[in-house]
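Please find below a colleague's note on the model, arranged as numbered points. It is meant to be read beside the sequence and the coordinates.

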Amino acid sequence: TMAFRHKNTRRIEGLDSNVWVEFTKVAADPSIVNLGQGLPDISPPSYVKEELAKVAAVDRLNQYTRGFGHPSLVKALSQVYERVCGRKIDPLTDILVTVGAYGSLFSTIQALIEEGDEVIIIEPFYDCYEPMVKMAGAKPVFIPLRNKNDGNSASSADWVLDPAELANKFNSKTKAIILNTPHNPIGKVFTREELQVIADLCIKHDTLCISDEVYEWLVYKGNKHIKIATLPGMWERTITIGSAGKTYSVTGWKLGWSIGPQNLIKHLQVVHQNTLYTCPTPLQEALAQAFGIDYKRMDDPDCYFYSLSRELESKRDRMAQLLQEAGLKPVIPDGGYFMIVDVSTLNVDLSDVDEKQPYDYKFVKWMITSKKLSAIPLSAFCGPETKREFEKYIRFCFIKKDSTLDAAEVILKNWNKQTA
Amino acid sequence: MLRRVGPSLRHFLLERKNSAGYSSYSGEAKMSRPVQARRLEGIDKNIWVEFVKLAATYSTVNLGQGFPDFPPPDFLKEAFVRALSGENHMLHQYTRAFVIIIEPFFDCYEPMVKMAGGMPVFVPLRPKAPKDGKLMSSADWQLDPAELASKFSERTKAIVLNSPNNPLGKVFSRGELEVIADLCVKHDVLCISDEVYEWLVYDGKEHIRIASLQGMWDRTVIIGSAGKTFSATGWKVGWTVGPNRLLQHLCTVHQNSVYHCATVAQEAVAQGFQRELKLYGKPESYFVQLPKELQQKRDWLIQSLDAVGMKPIIPEGTYFLVADISEFKSDVPDVPDSDEPYDSRFAKWMVKNKGLAAIPLSAFYCGAHKNNYNHFIRFCFAKEEATLKAANDILQKWKREKTNP
């Protein structure tokens with residue numbers, strides 16, 4: 001008999017480590033106040049849960065549905081997004097329902113990114129973009145958001161791209177740029193002018209845009225979420241990705257969607273039919289019902305799309321205040337439910353920690369063990385070149401119930417007392 | 001002994017110029033290249049997209065796509081409701097190389113292998129003539145051991161095994177599995193064992209897991225499905241079981257593709273399994289009740305088909321059976337130069353004209369072999385009594401029309 005020769009394929013070489021696997025384990029201890037992973041601990045709206053309970057009792061809804069998306073769900077999505085985009089969206093050809101927004105990112109990248117292509121990724125970035133691009137045999141090309149106020153950042157709006165630097169990243173091999181707005185982790189909501197700069201380059205270089213807009217409804221006062229696909233010349237080259245988990249605070253439902261022109265979506269559908277094929281039926285039906293309810297009240301402030309962001313805005317403000325009272329300078333996000341903060345001002349000396357990890361990784365692990373508070377290190381969201389710049393930041397998630405934020409408050413208030 | 005390293009077939013293909021004469025890596029304007037990735041080449045067609053639409057449009061009785069039209073068991077639905085209504089609202093949060101494929105095969109194996117840049121190598125189950133006057137059994141479809149052995153080479157990475165087999169319903173015997181296992185061990189080949197129908201075996205037959213054979217645990221990934229186990233195909237919960245040194249790589253793919261599965265569905269399936277664990281082997285076990293119920297439905301459908309002259313092959317397992325429609329050929333004349341296999345034209349004609357949906361067997365063969373067994377269609381019998389009776393009515397009426405036109 002031959003010796004066992006089977007190891008992993010080249011396509012996943014080096015993609016096995018994962019910040020979530022690492023930090024979720026560490027923060028799993030229930031005595032730790034977990035502001036790390038983006039996991040709402042608030043309750044989803046009751047009608048969403050009720051719809052699912054109703055649906056589970058309907059026999060045929062426990063069996064397979066249409067592979068590319070349950071008919072009532074794609075119909076509901078087309079209604080909502082037609083209104084938002086101001087254009088006709090065909091539910092059967094312009095939409096694909098996937099297992100989470102992750103599934104949409106995966107289907108898009110597998111469908112449209114070729115081996116040897118380049119894909120521009122804006123740093124910091126949601127961590128899965130890089131391994132997904134690599135798994136397709138393509139090369140990630142990074143460009144950082146930079147703090148234009150050089151150290152005195154009060155707002156996510158201070159973090160900007162340098163247009164000349166961005167233009168230099170585009171070349172004939174650039175297949176796509178991945179855009180994330182509202183942005184995780186900084187919370188930046190790209191302005192129309194900023195989107196126009198990106199759009200102009202996409203059109204000039206005939207590049208696709210993969211627009212991750214999972215936090216589209218979570219924008220705070222004074223800000224507006226703009227879909228890059230609505231800019232002239234962009235609909236035909238953009239895939240826009242959304243998420244039920246973020247829209248309805250049900251991350252465990254794992255339903256997402258891609259919306260775009262038929263001639264692009266059809267390729268995502270081919271990947272989908274050859275991977276997962278179809279998504280769970282009862283969850284899709286319940287989501288369709290929930291969308292039906294909120295679609296009817298899109299002119300009403302009680303619509304969940306708006307009420308959730310109002311609820312989160314006050315949590316954002318509370319989180320910011322707690323961090324400021326602890327002597328920190330958080331970057332106030334214009335959108336999303338994350339907040340980053342520069343912890344270098346605390347001068348916590350971790351040079352004796354004998355690990356080759358960046359400072360923020362060491363800081364978070366120290367904070368978990370000694371302060372019982374968890375967050376996520378920002379260098380997890382960077383390419384190799386920029387890890388040094390971002391290793392003084394950590395990311396807090398504030399979509400948490402009041403008692404969680406109360407517990408965080410106690411820790412932060414006592415922070416200085418403990419170290420004194 | 002180390003595996004010989006040579007240029008993979010995939011890289012060879014990449015170096016070739018495409019049909020337009022452009023080199024794959026030219027810096028030509030992107031407008032002249034297709035927008036989609038090369039890995040999608042040739043895998044865009046899909047039998048289900050086509051036939052599910054047809055059934056939805058025309059059929060009154062759908063014995064085509066494989067899903068039960070009876071509900072999941074009450075205990076499972078209750079588990080789902082319990083999982084939903086519990087105080088824990090956190091349940092709504094965060095869960096080229098060659099591959100041998102045995103024909104007929106569940107259709108997705110081929111495009112999935114191709115999408116990974118692998119090369120499918122097909123080996124057919126061949127039917128032996130049944131004893132005079134008897135109906136054929138799925139056991140009569142067998143691999144030729146010498147033919148199978150000839151398909152193994154140094155470049156063979158894996159074999160995909162599906163037992164109980166969709167579409168035939170074949171349950172591979174211990175002897176048959178040993179032949180496959182011996183070759184896997186001899187050639188250091190992995191076994192991808194699709195056992196989604198593992199609980200659906202009839203006539204007292206035993207489902208044997210190839211991973212339990214000598215030398216096989218370390219090289220086998222076993223695949224299971226809640227949809228088939230608990231008659232809840234719409235929940236889309238499945239699993240892989242195997243040694244960590246193989247599973248760890250599946251985890252890497254998983255964390256970089258979908259990452260989690262729906263939490264509440266997993267919780268409900270877990271509760272379903274807890275119940276079954278307590279009742280294992282007992283008559284009230286769903287794993288005992290379901291095959292008992294399905295065997296009866298199998299026998300009804302066999303009787304219906306036999307009575308009208310369609311020749312069913314008796315399946316040893318799964319909830320599918322395949323029937324020979326040769327005697328009905330007069331209804332659907334042969335078209336000599338047609339691209340489409342005969343059984344596919346027949347199945348389409350049948351759903352449009354008789355309202356009865358089934359799937360052509362050629363859907364389960366590779367392109368080159370689609371005409372090898374083109375007078376069979378597959379029926380799914382995981383259906384309510386009323387559905388099977390309605391199918392019988394259609395068949396009886398059809399037969400009467402043939403004898404008295």
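**Notes on helices, packing and selected residues**

1. Helix 9 of chain B buries Thr263(B), Val264(B), Ala265(B), Ala268(B), Val269(B), Gly272(B) and Glu276(B). Here buried means under 20% relative accessible area, exposed over 50% and partly exposed in between, with a 1.4 Å probe and protein chains only. Helices (H or I, at least four residues) and strands (E, at least two) are DSSP runs, numbered from the N terminus. The helix covers residues 263-278, and its 16 residues should span 22 Å at 1.5 Å a residue, in agreement with end C-alpha atoms that are 23 Å apart. The expected span is 1.5 Å times one less than the number of residues in the helix.

2. On conventions, this is a predicted model, in which local features need pLDDT of at least 70 and side-chain atom pairs count only at pLDDT 80 or more, while totals for chains, interfaces and linings use all residues. Residues are numbered from 1 along each chain as its sequence is written, chains are lettered from A and ligands numbered from 1 in the order in which they are written, and side-chain values use heavy atoms, with hydrogens and water left out.

3. Helix 9 of chain A comprises residues 262-273; its 12 residues should span 16 Å at 1.5 Å a residue, and the end C-alpha atoms are 16 Å apart, which agrees. Of these 12 residues, 9 are buried, so the helix is largely enclosed by the rest of the structure. The buried residues are Leu264(A), Ile265(A), His267(A), Leu268(A), Gln269(A), Val270(A), Val271(A), His272(A) and Gln273(A).

4. An α-helix has 3.6 residues a turn, so residues three or four places apart point the same way.

5. Contact, meaning heavy atoms within 4.5 Å, involves residues including Trp300(B) and Leu305(B) of helix 10 of chain B and Leu388(B) and Leu395(B) of helix 12 of chain B.6. In chain A, the axes of helix 11 (residues 304-325) and helix 14 (residues 402-413) come within 9 Å and cross at roughly 10°. That makes helix 11 of chain A roughly parallel to helix 14 of chain A. The crossing of the two is left-handed, meaning that the near helix is turned anticlockwise from the far one by less than a right angle, clockwise being right-handed. Among the residues that meet are Met319(A) and Leu322(A) in helix 11 of chain A and Leu405(A) and Leu412(A) in helix 14 of chain A.

6. Strand 9 of chain A (residues 238-243) contains Thr240(A) and Ser243(A). Thr240(A) counts as buried at 9% relative accessibility, and Ser243(A) is buried with a relative accessible area of 5%. Leaving aside neighbours within four places in sequence, Thr240(A) has contacts that include Ser211(A), Lys227(A) and Trp257(A). With residues up to four places away again not counted, Ser243(A) touches Ala101(A), Val214(A), Leu255(A), Gly256(A) and Trp257(A). Ser243(A) and Leu255(A) are 12 residues apart in sequence, and their C-alpha atoms are 6.2 Å apart.

7. Arg11(A) is found in the segment before helix 1 of chain A and is partly exposed, with a relative accessible area of 29%. Not counting residues up to four places away in sequence, Arg11(A) touches Lys134(A), Met135(A) and Ala116(B).

Notes:
Axes are lines fitted to C-alpha atoms, for helices over the stretch in contact, and angles run from 0 to 180 degrees between N-to-C directions. Angles under 35 degrees count as roughly parallel, over 145 as roughly antiparallel, 65 to 115 as roughly perpendicular and the rest as oblique.
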